[in-house]
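Dear colleague,

Please find below the structure that I am handing over to you. My findings follow directly after it.

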Amino acid sequence: MAEIREEYVDFRGFKTYCKIVGENQPGKKTLLVLHGGPGNCHNYLLTYADMADRYGRQVVFYDQIGCGKSSIPHQEDDFYNYDLWTDEFYAVREALGLDDIHLFGNSWGGMLGMRCMLKDDTGVNSFVINSSPVRIATWLEEANRLIKYMPQEMQDAIAEAERTGDYETPAAKAAYDEYYKRHVIGLYEKDYPDFIIDSNEGAGECYMVMQGASEFVVTGKMKDWDIREEVKNIKVPCLALSGTDDEGTPFVIKEGVDLIPNCEWALIQGAPHVANVTHPDECLAVVENFISRFE
């Protein structure tokens with residue numbers, strides 16, 4: 001089994017937690033993994049750590065500042081912004097010597113990765129964008145469309161929760177659990193594995209600042225996210241990875257695929273947003289087959 005090392009990187013007076021899994025075999029380059037949120041932590045993507053044993057590839061995770069093992073005291077809202085996590089990305093790479101890598105980002109992690117590739121893509125050989133929108137309005141339109149396929153009482157419960165801000169009623173919790181089963185995790189909450197539970201428990205306050213109270217209305221700083229013009233300038237070889245049952249629907253993902261130069265696309269049948277939970281082997285194989293072409 002691959003060795004796991006843990007380190008902390010100094011960043012803006014705080015500490016960013018990093019997990020380094022395995023070592024690269026000859027000819028392999030490290031895969032750096034960016035988790036979603038903003039506000040989740042790395043745990044829910046830990047199935048990708050198996051790439052160390054399976055393919056002889058080092059995999060590095062880190063908890064973005066403000067969540068998980070990189071938690072910090074309460075900050076005012078203006079502390080959290082795109083530049084914070086963009087700067088952290090380069091700080092982590094410099095501290096760990098990650099100057100020749102492949103990049104993977106899930107959801108917000110893919111959005112962060114796109115920002116970073118537009119700022120400075122030096123040393124990044126390939127980039128897997130896992131279910132990430134280039135325009136948040138498209139994401140929300142599709143998420144709200146998916147609700148319409150749920151039982152009417154669940155549609156009503158979600159609408160009421162969004163109206164009142166009370167997400168803790170039994171009806172609301174059941175409705176959101178159904179949505180997450182269908183389109184996000186692929187499992188009901190009672191069946192979540194420990195790495196999903198750990199990730200949820202490590203969520204930070206920055207989620208409310210950047211996203212908002214739910215999946216269906218963005219009230220935070222990401223409400224104006226639209227980089228459709230900018231992504232036309234990405235130069236790193238890219239693969240879009242998503243699932244047919246993903247809340248990042250094929251319509252959402254195609255918007256980015258059509259704009260990012262020469263972007264390839266792997267669509268996993270039956271997979272939700274966090275495809276690696278329900279389809280781990282397929283995800284690992286797709287990622288390895290793509291990035292190994294750019295060693």
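**Overall architecture**

The chain contains 11 helices and 8 strands, where helices (H or I, at least four residues) and strands (E, at least two) are DSSP runs numbered from the N terminus. Please note that this is a predicted model, in which local features need pLDDT of at least 70 and side-chain atom pairs count only at pLDDT 80 or more, while totals for chains, interfaces and linings use all residues. Residues are numbered from 1 along each chain as its sequence is written, and side-chain values use heavy atoms, with hydrogens and water left out.

Along the principal axes, the C-alpha atoms fill a box of roughly 55 × 40 × 40 Å. Among contacts (heavy atoms within 4.5 Å) with a separation of 6 or more, 73% join residues 24 or more positions apart.

**Annotated domain**

An unreviewed UniProt entry carries the annotation "domain: AB hydrolase-1" for residues 30-280; the positions are given in the numbering used here, feature names are shortened, and annotations may be inferred rather than shown by experiment. Over residues 30-280 the chain is 39% helix and 13% strand, and the end C-alpha atoms lie 19 Å apart.

**Helix H6**

Helix H6 spans residues 170-184, and its 15 residues reach 20 Å from the first C-alpha to the last, close to the expected 21 Å (1.5 Å times one less than the number of residues). Its buried residues are Ala172, Ala175, Tyr176, Glu178, Tyr179, His183 and Val184. These buried residues pack against helix H4 (136-147) and helix H5 (152-164). Gly186, which follows H6, has a positive phi near 85 degrees.

**Cysteines**

The structure holds 0 disulfides, a disulfide being a pair of cysteine sulfur atoms within 2.5 Å. Cys116 is in none, and the nearest cysteine sulfur, that of Cys238, is 13 Å away. Cys116 counts as buried because its relative accessibility is 0%. The sulfur of Cys263 is 5.3 Å from that of Cys238, the closest cysteine sulfur, and is therefore too far for a bond. Cys263 also counts as buried, at 11% relative accessibility.

With kind regards

Conventions: Buried means under 20% relative accessible area, exposed over 50%, partly exposed in between (1.4 Å probe, protein chains only).
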